[in-house]
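Me: I would like to learn how to read a protein model feature by feature, going from a single side chain to the sheets, cores and charged pairs. Could we take one structure and work through it together?

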Amino acid sequence: MRTSRTSRARAMAVAVAAGLLAGGTAAGASGAFTAAKPADSTTDTVVNAGSAAAQKKFYGTFQKRDGCPYLVTSGGARYYLEGYTIGGNGALYKKRGGFIAYPGWRIQANGTKKYRSPNSTTLCTTWGASPYIKAKSIYSLR
């Protein structure tokens with residue numbers, strides 16, 4: 001009898017451990033055991049939800065002036081696209097490469113709108129870089 005009690009206890013312990021590893025609920029001799037989620041997952045979710053709410057989608061056409069990339073909305077507002085470059089062919093590229101769009105193409109920029117102080121200097125002189133978009137991503141809608 002002693003061997004059967006030992007094997008039952010081991011089987012129960014293995015079942016409880018398997019249930020805890022699977023993230024489910026396992027019944028033990030003294031009640032139900034539930035696996036708790038790590039605290040990191042809840043804090044990451046809160047941080048991501050806050051940053052996603054702050055981001056907006058900006059639609060318009062890509063245009064360049066003085067070698068600087070801009071998103072021009074249908075209402076005529078011009079936003080400097082910080083962190084993106086103009087290639088030798090006049091197209092919009094990511095900082096480390098990666099073609100996005102040619103001038104005149106419709107684009108979507110996902111990010112936040114920012115403003116520079118009047119005392120800051122940039123190389124963009126025609127339209128300036130005062131209102132700009134700190135974009136997380138830019139897509140061509142073509």
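This is a predicted model: local features need pLDDT of at least 70, side-chain atom pairs count only at pLDDT 80 or more; totals for chains, interfaces and linings use all residues.

Me: How should I read a sheet, and what is the order of the strands in the open sheet of 3 strands?

Reply: One reads the order of the strands and the sense of their pairing, which here are 6-7-8 and antiparallel. Strand 6 (85–86) and strand 8 (99–101) each have a single partner strand and stand at the edges, so one side of each is left without a neighbour in the sheet. Strand 6 pairs with strand 7 (residues 92–93) over 2 bridges, and I86 stands opposite L92 of strand 7.

Me: Which residues have the most contacts inside the largest nonpolar core?

Reply: That core has 15 residues, and those with the most contacts inside it are L81, L92, I107 and I138. Two or more residues each come from strand 3 (56–65), strand 5 (78–81), strand 8, strand 9 and strand 10 (131–140), with strand 10 giving the most, namely 3 residues. Apart from this core lies another, of 6 residues, among them C68, Y70, Y80 and C124.

Me: How many salt bridges does a search of the whole structure find, and what do they join?

Reply: The search finds 2. In one of them the side chains of R116 and E82 meet at 2.8 Å, N to O; R116 lies in the loop between strand 9 and strand 10, and E82 in the loop between strand 5 and strand 6, so the pair ties together parts that are 34 residues apart in sequence. E82 also meets K134 in a salt bridge at 3.9 Å, N to O, and this pair links parts of the chain 52 residues apart, with K134 in strand 10. Through shared partners, E82, R116 and K134 are joined into one network.

Me: What relative accessible area does R116 have, and what does K134 have?

Reply: R116 is partly exposed at 23%, and K134 is likewise partly exposed, at 46%.

Terms used. Residues are numbered from 1 along each chain as its sequence is written. Side-chain values use heavy atoms; hydrogens and water are left out. Two strands pair if DSSP finds at least two bridges between them. Helices (H or I, at least four residues) and strands (E, at least two) are DSSP runs, numbered from the N terminus. A nonpolar core is a set of buried Ala, Val, Leu, Ile, Met, Phe, Trp, Tyr and Cys residues joined through side-chain atoms within 4.5 Å. Buried means under 20% relative accessible area, exposed over 50%, partly exposed in between (1.4 Å probe, protein chains only). A salt bridge is a side-chain nitrogen of Lys or Arg within 4 Å of a carboxyl oxygen of Asp or Glu.
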